[in-house]
Amino acid sequence: MSRTLLLRVSAGILFLVGGWIAYTQNRGGAAPQLTVNKVKDDLYEIEGDGGNVAVYITNEGLILVDDKYERDHEAIMEKLKGISNQPVKYILSTHYHEDHSGGNAKFLSTAEIISTANARKNIVNRVQSNAGIVPSPARVTFTQESDLFLGGKEVRARFFGRGHTNGDAVIYFPALRTIHTGDLMAGNTPLIDYPGGGSLVDWTATLDEVMHDLDFDVVIPGHGAVTTKPGLLAYRNGVERLQNRVRGLIREGKSADDVGKVMIAEYGWVDKDLHFQWSLPGMMTELR
Ligand SMILES: [Zn+2]
């Protein structure tokens, strides 16, 4: 065996071993790595694996925004112990996706979960094609707005219009001038869940209303680092650029395949990923 070949074989074995370790660790249920950030007084945020969880401390219990995947439940509870000894009383759910609502079942016996009516419908109708575990639906729903009062503090959940889905709630902490956007702001490129009632066209108008109606300076996005109102405005403008790009391509007569290639080159889509399944067919129809 030549030295080069030997090196290649060794590298191959290392790769296989590395992959095997990752696989068995997952099967063994290694705790997902979550990190806690303080956002403002009495408001924390838990990042890592799944959507960002907000934690609002009151002297009558905790109010959470979202609860990640079911597999994150124990790690979330562990992090909460480091923040407060109050029990979780309410979970305000931003939308129906498993990475935001997957932990619902674990909380339902001890806490109340509140979502938009459409988020509940999408769970009940099993709309999410790639869900591993279908989340338990909220027992309390609203169509426009729900105000929650606990321990002298207030949190508002409000539906502003279609965007990521047809039931995205924006959660507002008025005393802290802070919002949690759910996936109306998430990552670099918007994922439009057309099967779940999402809309790329309405998305910008929805964010415009959020910025017009709510008085805030800090933004907790659905995924990614905490940002500011200008950060949300920049994201909104990115959504508008995407609208214009796709509309222009369709006017040039480009096919869905062509548009998909541009999205891979310019927007970081990965071939056959969720964007191709959920976003592309709907974009081709909506922006025609
Ligand atoms: Zn989502």
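A nonpolar core is taken here as a set of buried Ala, Val, Leu, Ile, Met, Phe, Trp, Tyr and Cys residues joined through C-beta atoms within 7 Å. In this predicted model, the largest such core has 55 residues. Those with the most contacts inside the core are Ala 54, Val 55, Tyr 56, Leu 64, Leu 92, Val 170 and Ile 171. Helix H7 (residues 229-251) supplies the largest share of this core, six residues. For Val 55, the contacts beyond its neighbours within four places in sequence are Tyr 44, Ile 46, Leu 62, Leu 64, Leu 80 and Ile 83.

The protein contains nine helices and 13 strands. Of its 288 residues, 40% count as buried. Among contacts with a separation of 6 or more, 65% are between residues 24 or more positions apart.

The mean pLDDT of the protein is 91, with 89% of residues reaching 70 or more. Strand S10 has the highest confidence, at 99, whereas helix H1 (residues 3-27) has the lowest, at a mean of 37. The pLDDT is below 50 over residues 1-28, and this stretch has two contacts in the model beyond near neighbours in sequence. Where pLDDT is low, predicted coordinates should not be read in detail.

Six strands form an open sheet in the order S8-S9-S10-S11-S12-S13, with mixed pairing. Strand S8 (145-150) and strand S13 (227-228) are the edge strands, each pairing on one side only. Strand S12 (residues 218-220) and S13 run antiparallel and are joined by two bridges. Val 219 has Thr 227, in S13, as its bridge partner.

Helix H6 (residues 200-213) was examined for its length and for the placement of its buried residues. At 1.5 Å a residue, its 14 residues should span 20 Å, which agrees with the 21 Å between its end C-alpha atoms. The buried residues in H6 are Leu 200, Trp 203, Thr 204, Thr 206, Leu 207 and Val 210. These residues lie on the same side of H6, because they cover an arc of only 160 degrees around the axis. The exposed residues His 212 and Asp 213 are carried on the face of H6 turned away from its buried side. The packing partners of the buried residues of H6 are strand S10 (169-173), H7 and helix H9 (274-286).

Conventions:
Residues are numbered from 1 along each chain as its sequence is written. This is a predicted model: local features need pLDDT of at least 70, side-chain atom pairs count only at pLDDT 80 or more; totals for chains, interfaces and linings use all residues. A residue is buried if 20 or more other C-beta atoms lie within 10 Å of its own, exposed if 12 or fewer, and partly exposed in between; C-beta atoms are placed from the backbone. Helices (H or I, at least four residues) and strands (E, at least two) are DSSP runs, numbered from the N terminus. Two residues are in contact if their C-beta atoms, placed from the backbone, lie within 7 Å. The expected span of a helix is 1.5 Å times one less than its number of residues. The arc is that of the directions from the helix axis to the C-beta atoms. pLDDT is the predictor's confidence in each residue, from 0 to 100. Two strands pair if DSSP finds at least two bridges between them.
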